[in-house]
Structures are given as structure tokens and as C-alpha cells.
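Trainee: I have a new model open and would like to learn how to read it. Where do we begin?

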Amino acid sequence: MRTVRLISAGAAASALVLGLAACGDDGGGSEDGTTTIKLVAADYGDKASNASKVYWDDVVKRFEAKNEDIKVDVQVINWNDIDTKVKTMIQGGNVPDILQTGGYADKVADDLLYEADEVLSPKTKSNLIESFAKAGEVDGTQYGIPFVSSARLMFYNKEVLDKAGVDVPQTWDDVAAAAQKIKDEKAAEIPYALPLGPEEAQGESMIWELGNGGGYTDAEGNYTIDSEQNVETFEWLRENLVDPGLTYDNPATTDRKTAFADFAAGKVGMLNGHPTLIQMAKDGGVDYEVAPIPGKDGPLDSTLGVADWMMAFKDGGKQEEIKKFLDFAYAKENTLKFDEMYNLMPVTTDTLEEMQSNGKHKDLEPFFEVLPSAEFYPLGNTSWDVVSAEIKKSGGKAVSDDPGDVLGELQQKAEDTAADMGE
Amino acid sequence: MPVTVKEPAAGTGPGPGGRKTGPQRRRRGGIARLGPLPWIGPAVLLIVVVVLWPIYELIRTSFLNVSISGFVRGSAGTEKYRQLFDESGFGSVLTMTVVWTVAVVGVTMLVSLGLAQLFNKPFPGRTVTRWALIAPWAASVLMTAIGFRWMLDQTAGVLNTLMTDLGLIDGPKDWLGDPATAWPWMMFVAVFVSLPFTTYTLLAGLQTIPHEVYEAARIDGAGARQTYWRVTVPLLRPAFLVGFVINLINVFNSFPIIWGMTQGGPGSDTATTTVFMYQLKSTDIGESAAMSVVNFAMVVVLVLIFLKVSRWNKEDA
Amino acid sequence: MKVSAPSGTPGGPAGNKAGNAGGKGAAKRRRKYGPRTLVIAASAWMLAVIFIAPYLEMIITALRPADELRDRTYLPTSFEWKNLVDVWEESTLGDNLQVTLLIAGGATLLVLLVSLPAAYYTARVRYRGRKAFLLLVLVTQMFQPTALLIGLYRQFHQLEMLNSTWTLILANGAFNLAFAVWILTAYISSIPAELEEAAMVDGTGRFGALFRVTLPLAMPGVVTALIFTFIATWNEFVMGLTLMTEPEKQPLTVGINNFIGNYTVEWNYLFAASVVAILPVVVLFAFIERHVVSGLTAGSVK
């Protein structure tokens, strides 16, 4: 019967394919009366010993002990591959019941997901921090359930700044001047790390665009990728950081992980980072400090907020089981454990209060402060995933080629995609 | 030049025609009675299912609208092809694919000729050095590519360190970040991994040249260079052609080298058609399939040219 | 009737009239090496170092302590042998290795079973459609999985065979079939059919003759074809990446790619795993190096 629902999402042409695909997979009801739900989650670990598989296996073990009629099949996938693999699963009719990954809107477009109300108890739902819950909405209905959050601030290497004799920069011009000093004093190999490579060009770009009052969309959700402010932003970056050699030679191909590794090795003066970098910097013995992100005319009071999402697929029809599991997984003890394990930030009020008050997270305090005012990617646009992939691929070229052309082409693609999706 | 050399019996391609030990027309009972099906049936079946069917699927997908999650949303007509041809990088991707293929295959063939000559000579440690030559062949291409990416890392790459210490460059460079330097390095790696197979093919070719031919050439008073150009090169032609064709196909379709080193970036500035196809897969499956079909068409053209050149039709009629 | 396999002659199979030019024979003739030979040896040794160097650097990186990964040094201060152990214990590498072994072994067996009869028949009998078959094989040789990736993916998805080891066995087998048929056909046709006929006159049946006479003589060709398949499958990446989505079911090449993580690239682990993947093949290859030349001599030259 699942087939029928699936077909409604696509065109009749796909019926045969999906029909073939959907009847094969059946992890559902088995003879002994237990139901198996399939959980697919991203791996937040930075080494094998703290892989998220360990966390989920533990949650599942405790959940199954309480709910003997439900089995949870856990599959944890590397971030690099999770998008492709989930796509493969969906195409293959081997749809997970619960998915925890970076985005949800494309699945809404294909009408695959339960609404958040259908799979969360009122108690769990009201526990979600409001701004995050809001970011999970598509056209006013919440589908995406925030799972963890993160925010960006500027990290700097204190030793490097001291050696160069500069203060913590507050404006773009301060950044350029400080970077120039660092270069002149040979205080660090890379004065300012600007990772605009395919790994996270969309994030770094947005942080800089926010500094000039820009962003990816206007208030109505229409794309404004090639707005005047954005073009100006990249022109500034190019003229003041890239061309004078104050950052990597080729920001468009430099990934965030390279920048982080270099910072943790003491080779970078300043960069935008998220809380994961705290531990990396400590491990590397780097004396770091965080500060608000410099904007064009002064430090930003908002920042880029990022959430990763949980979503429930209606393909398997296991609404009740999913609800039980999600309520369990969103209990404070579990979310707290996960957030503490990876130094990530919470999305639920009780966990946030706990983390702010239990005194164990001094490091994260500056991040907690900017969380409520965080700005998000246009996640509710069903075209965002495609647009984001385009920005990842070629957005970085805006600091090497002509920014107007690069952003103009991205804007065109974004508009085309949005039109295709009927937005 | 009085030396006349008869070419080895067969021409090119796998068709072993015209040899006295080759296929015979008349067969007495036995296997012939059953007909070819039990013998070649499984091979044909495997090829049809795993090679021909995907070709059909591929072409079909290129005319479909497929959502990013993979759902078919109906027919797209030729829309995906139009989108593909409108991509700003498409023209340069095509050009660079040709440059990439020609350069890598050309250099590989030339260097392999030299290597085969070298390793065909007797010298102390020939066996061991030949083992070394095999390394890039035995190692996965992807891993070799990732290894080079690591060695070229701006911060910690040993090649950067080495070239700096040798005074070849002023300081560590981000070789793979800039298409102008990324291309030559990727071509270098592509040649590096293609050399072993090609060299071995040519070595095999060299060994089929009867020693008496060289003796004859020597007796006729031919110098070393003359012998090389008039004896070795013509006799090496079949092996050379085989190596050439296999390299052509491999290099044209090469994916792991570029994927492992630059992923085709920035944008698609270091992508060949194959890598471009893979990049498109993350934004539009239909368009990616259209790229594959174009790619496929180019391979078909290559095949046709090869058949023409190797006179497939005239042989083995 | 007993026919010994020509394993000792790298020049090729029995029917190969071509001598063995610069090979062992020549080496035996002049044991004293002149200055020219020394130059040759020196350049060959230098080349050998260049060919091995990237893999040495991988091994060095594999043994680097994590905090020295971004140091600009040729050698780490100490070798961290523990990396080699950690990489096994803390990843799916064991599963991946098993998958790779299964796939490479399976594809090799499949290729043997399918290509040998086809090659034998094609070499010995001039049947209707022989040319079409050879053309099909040639064309298959020209197509690579990368070019057909989306088609392959959609097909195996329709067959519900994604994430199945069989899928990779079939796919790798099919794409390596052409080369095997090609080499074996050429090799077998270079073995005089008279030998088989003589055996049959002696009272051995057609199959007996095939197995007792032709097969042993064709061994270098068979070994070459099989090794090629095995190595190509062992190193295959693109199909493994696309057709297998579950980490434990992926082959080694894809599994190793997983060390390129979200926040860091664990270069030391990545290369520790790579060494594991590369070493068996290099050793295998070194063993059969002699056969490779003789196999190629018959297979790809004619």
C-alpha cells in the first residue's frame, strides 16, 4: 500500500519503478510481533572512537529495553556520503523511517515526511527552542525537527595577534589591517583563513554577506544571491584579503577542514569557526579566543545558525513507533549526552538551561549568547538543497573571478530551480 | 635498406585471423554440433544485462525530470540537454577533456616507449626495478591520486617541502587550488598510473620481435638508430596500437584521479566530462544522465574511428 | 600424451614462433656489464625510486603521530605503529576488506567461467555470429562503468540489487569480461589445434583434450586474464561508491574514502588503510610479473 502513497508524489511514469522497488523492502511487521524502524543518522565523530554509531547504539539499547515490541535498526553514515546515500535509499524504495541529517526540505517537496505534529508528543514539541522549530517550517507547517545546533563566531590565535601587535578586529577593515600586520610580522602562515571550498562555501559566504546586510533571500523567501550587498561583499574579500595574499591562495578550493586543521596546528591567525573547533584547538595546544564576527561597520549581533534535522518518513507507516522513539530520543538525558559528546548546542529548552547552568560549558557561553538571534539558511525553500549544492560547487569562485558574474549565474540557477519546484 | 621484415601474422584487435592454427571452418562433430550458444551464451548474457541494459536506462533517464530525491516527475523531453549545453562551464569542460585525453595518452605512449626499451635491456637488478614499475598499476588509482593530493598539500605536503628545499619554488604552493597548476599535476598522475600497463604491453611487444631480425639487420650493416626506426618501431606497431586504444578509453573515462585530487573544482574548472557528469548528479540527475549520453556518444565515435582505422571489416570476414 | 606447460619461457606459448629478444637469453650471454649497462641500470634504479616514492610517503604518513600531521618535515619524530592497529579496530575496514575479497574473488571466478568457454569456442570454431560476438566484446572493452554510472545505478535499483555483493561481482565481472575473452581467444588460437586432435586420436575426448592439453598450455594467458580481473576489481571505486550505500557493505576503496571526515581528514589512518589495501596486490603482482609479460605477449599483441 505504500506504493500508492509514493506514486502520488511522482508522476505516473515512475509507477513501475517505484512499484518494483517498494514491494521488496519490508522491515516492518514480522512474525514475532515486533516492528523494526530504520534510523539513518549522520556521523558527528571526528575519529572512530567517538563515532555517532556508539551513541545511537546506546540510545537504541535503552529504548528497546523499554519497548520490547519495537526494534531499531541503526545506520550511521559519514557526512560526505549521507546525502547521496539517502537519495539512493529513497530512489531504491528502501526509505528509512527516521532520518537525521542536514536538510529536510527536498523530502517535503516529494511529500515523503510526516508533519512534526504527527510524530512528536506535544510535550516534546513545545520543548523545542522556538526559533529552531520555526526554521523547520515549510509554508507554515513544521516538518523538520531540529536535532542539534551550532553557531559561528570568530576564532583567533591569541599568540599570533599578540606577536603581530594587533587588537581583536571588529570591522572588515580591522580584519584586513590585522591580517596584513600578521603577514608582515610573519606571525602566522595564513593570517585569515577563508574556506570557500565545496565543503561549506555556502556557510562562509553567508557569514560575510550578513556582515554587509546581505543574505541569500529577501523577507518573502525570494533568492537575492546577486544582490548589490552580496556582490560588494565578495569584491571586498577579493580586493582586501585574497589579492593581497592574506588568506589561502585559492579560497575556492580550500575546505573548512583544512582551515580547522591549520588553525589547530597554530598556522592560522583568524577564522570563523563553530564549537567543534574548541576541542581541536585545545588538542593542538593553541591559545585561542572567540569574538563576535566582524561586520563591515562593526561586530555582528547575529550570526549564522546551523541546525541539523530529524525527520520522519511516512513511507513505512510506522507513525506510532516513530513517535515513541523520537519522544525517547529527545529526552533531556539523551540530547544532553549527544550535545556534550560533540560540543554541539542544544535545540531544546531544558537541555539549553541545563548546559548554561551546570557550569561545564564555559567554552560555549559566547555561542549560547548569539543563538537566539541566529540567522538560518533558507531551509524552508524546497529548492535550497539544489541551490546550496550549486553554491558549494562554484560560490567560492566569486573571490577569484568576477563576483557579479559568478553570483549572477548562481542567482539564475536558483530562480530556475525555484520555478521548477513550483515555489 | 635491405632488411625486410614480415609483420606478425595478426593485424589488430582481438580477432585472431589468418593464422594457421586459428579457427577452422570444418569441424567434426563435438562442440560444433551444439552450436555456439552454450559456449558464448553466458558471456553474451552478462554483457547484455550489465553493459547494454544500463546504456538503455541511461538514455531513458536523460529524457526524464528527476527530483533531487530521485523521484521521476515525468518526461523532460530534450530540456535536460538544453540545460546541459547552457551550462557556463560546458564548453571549457569539453575542451579540457580533449586536451586531457590527448596530452595524457600522448605522453604516456612516448614515455612508455622509452621505458620499455630500457627495461628490455639486461642490467643488474632488472627484476627488482620492474617490480617498482608495477606499483602504480597494483595500487588503486584513487589511492595514488589521494596520495599525490596529500603530497601536494600546501601546509604539509612533502613535495612542496622538497621543491622548496631544492630551490625550485619560493615557498609552498597550493598546486591543486589553481586550475593552471592543478591540470598539469593531474596529468602527471594520470601518466604515472598509465605507464606500467603501457610499458608492459610494449615490453611484451618487444619480446615478440625475433632476435634473428636484429641479427639480420646488424649483418646488413644497419646502425642502432636505423634498426630502431626500421625494425623495432614497425614490429611494435600492433602492441603500440593496443596500448594506445586501451589508454585512450581509460584516460577519457578517467574519474578517480580528478575526483581524488580536486573533485573538478573550483566550480568545474578542473573537470572532464566524466567528472562533470558526477558533479551534476548532486543537482540534477536528468542533466547528469544527458552528460553521460554525450560522453557515451563520444566513446562511440572513438570506437567507430578505431574500427575504421583497424579495418575491422576487412579482417576476419 | 603429456604436454608440459611452457611456464619457463616468458617468450610466450608453445605456438609462438617468435624468439625472445632482449630477455633472459641475452642476459646470460654477457655477464660482464659495460659502462652502457651501468648507465641503463642507474637510470632504471632512479626510475624505480620515483615509482615507489609516493607509496613510501604514504607509509610514512600512515605512521605519523596525529599531532605531527601538519608539520613540514620529511620524517616524523617517532613512528606511531599503533595507527596500524587503531585503523583496524576503530573502523569498518575489516568488513570492507572482506567485501573486497569476496567481490574480487567472485568476479574473477565469474570471468573465468564465462570467458574461457567463449574464448575457446571462438578460437577454435568459425561459427555464424563469431564476428558479431568479437565486435560486442570489443565494444564492451571500450565502455567503462564510469560512463554508464547512472544507467547502472538505475538498473540495479530496479532489480533491487543495490547493496548486494552479487551486484558488484556481476558488474565487475561484466566490465572485465572483454579483456579476458580478448586475451584468451588470442592465446588459445596460438596453441596448435593439432595438439588437441592428437590427444583425441589417443582416445581422449574433446573435453579431456581441452582440459589436459589446451588449458595447461593456455595457463599463462588464463593467469594473466584472471589477475587482471582480480586487480581491476580490487581497485574498483566508482561502482562501489554508487551501488553500495551501506558502509559495512562497501569495498575497501570506498571504505578508505570514509576517513575523509566532516571536520578533519585523518590522513594517517587513511594511508594506514591504503597500505593494507595496496600491499597484497603489489605482492601478488610481483609474483606473477613474468606471466604478465608472456600473457600480454600473446593476448594483446596479436
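Mentor: With the cores. Keep in mind that this is a predicted model. The largest nonpolar core has 189 residues. Those with the most contacts inside that core are B:Ala138, B:Val189, C:Leu177, C:Val181 and C:Leu184.

Trainee: Which helix gives the most to this core?

Mentor: Helix α7 of chain C, residues 165–189, with 17 residues.

Trainee: How many helices and strands does chain C have?

Mentor: Twelve helices and zero strands. Read from the N terminus, its elements are α-α-α-α-α-α-α-α-α-α-α-α. Then check burial: of the 302 residues in chain C, 56% are buried. Sequence separation is a further check. Take the contacts in chain C with a separation of 6 or more; 75% of them join residues 24 or more positions apart.

Trainee: Now chain A. How is chain A divided?

Mentor: Into two domains. Domain 1 covers 2–149 + 307–373, and domain 2 covers 153–302 + 383–420. Each is written as two segments, so follow the numbering with care. The C-alpha centres of the two domains lie 30 Å apart.

Trainee: How many residues of each domain are in contact?

Mentor: 13 from domain 1 of chain A and ten from domain 2 of chain A. On the domain 1 side, the elements that give two or more residues are α5 (105–109) and α18 (365–370) of chain A. The largest share, three residues, comes from α18(A). By class, that side has eight nonpolar, three polar and two charged residues.

Trainee: Next, the sheets. In what order do the five strands of the open sheet in chain A lie?

Mentor: The order is β2-β1-β3-β11-β6 in chain A, and the pairing is mixed. The edge strands are β2 (70–77) and β6 (145–151) of chain A, each pairing on one side only. From one strand to the next, the twist averages 15°.

Trainee: How do I read the pairing strand by strand?

Mentor: Look at direction and bridges. β1(A) and β2(A) run parallel and are joined by eight bridges. Within that pair, A:Thr35 stands opposite A:Ile70 in β2(A). Strand β1 of chain A, residues 35–42, also runs parallel to β3(A), with three bridges. There A:Ala41 has A:Gln100 in β3(A) as its bridge partner. β3(A) then pairs with strand β11 of chain A, residues 305–312, over four bridges in the antiparallel sense. In that pair, A:Thr101 is the bridge partner of A:Trp309.

Trainee: Which strands does helix α3 of chain A lie across?

Mentor: β1 and β2 of chain A. Helix α3, residues 52–66, runs at about 175° to β2(A).

Trainee: And the open sheet of four strands in chain A: what is its order?

Mentor: β8-β9-β7-β10, again with mixed pairing. Its edge strands are β8 (190–193) and β10 (288–291) of chain A. The twist averages 20° from one strand to the next. Strand β7 of chain A, residues 153–157, runs antiparallel to β10(A), and four bridges join them. A:Asn157 stands opposite A:Tyr288 in β10(A).

Note on methods. Residues are numbered from 1 along each chain as its sequence is written. Chains are lettered from A and ligands numbered from 1 in the order in which they are written. This is a predicted model: local features need pLDDT of at least 70, side-chain atom pairs count only at pLDDT 80 or more; totals for chains, interfaces and linings use all residues. Two strands pair if DSSP finds at least two bridges between them. Axes are lines fitted to C-alpha atoms, for helices over the stretch in contact, and angles run from 0 to 180 degrees between N-to-C directions. Two residues are in contact if their C-beta atoms, placed from the backbone, lie within 7 Å. Ala, Val, Leu, Ile, Met, Phe, Trp, Tyr, Cys and Pro count as nonpolar, Asp, Glu, Lys and Arg as charged, and the others, Gly among them, as polar. A residue is buried if 20 or more other C-beta atoms lie within 10 Å of its own, exposed if 12 or fewer, and partly exposed in between; C-beta atoms are placed from the backbone. A nonpolar core is a set of buried Ala, Val, Leu, Ile, Met, Phe, Trp, Tyr and Cys residues joined through C-beta atoms within 7 Å.
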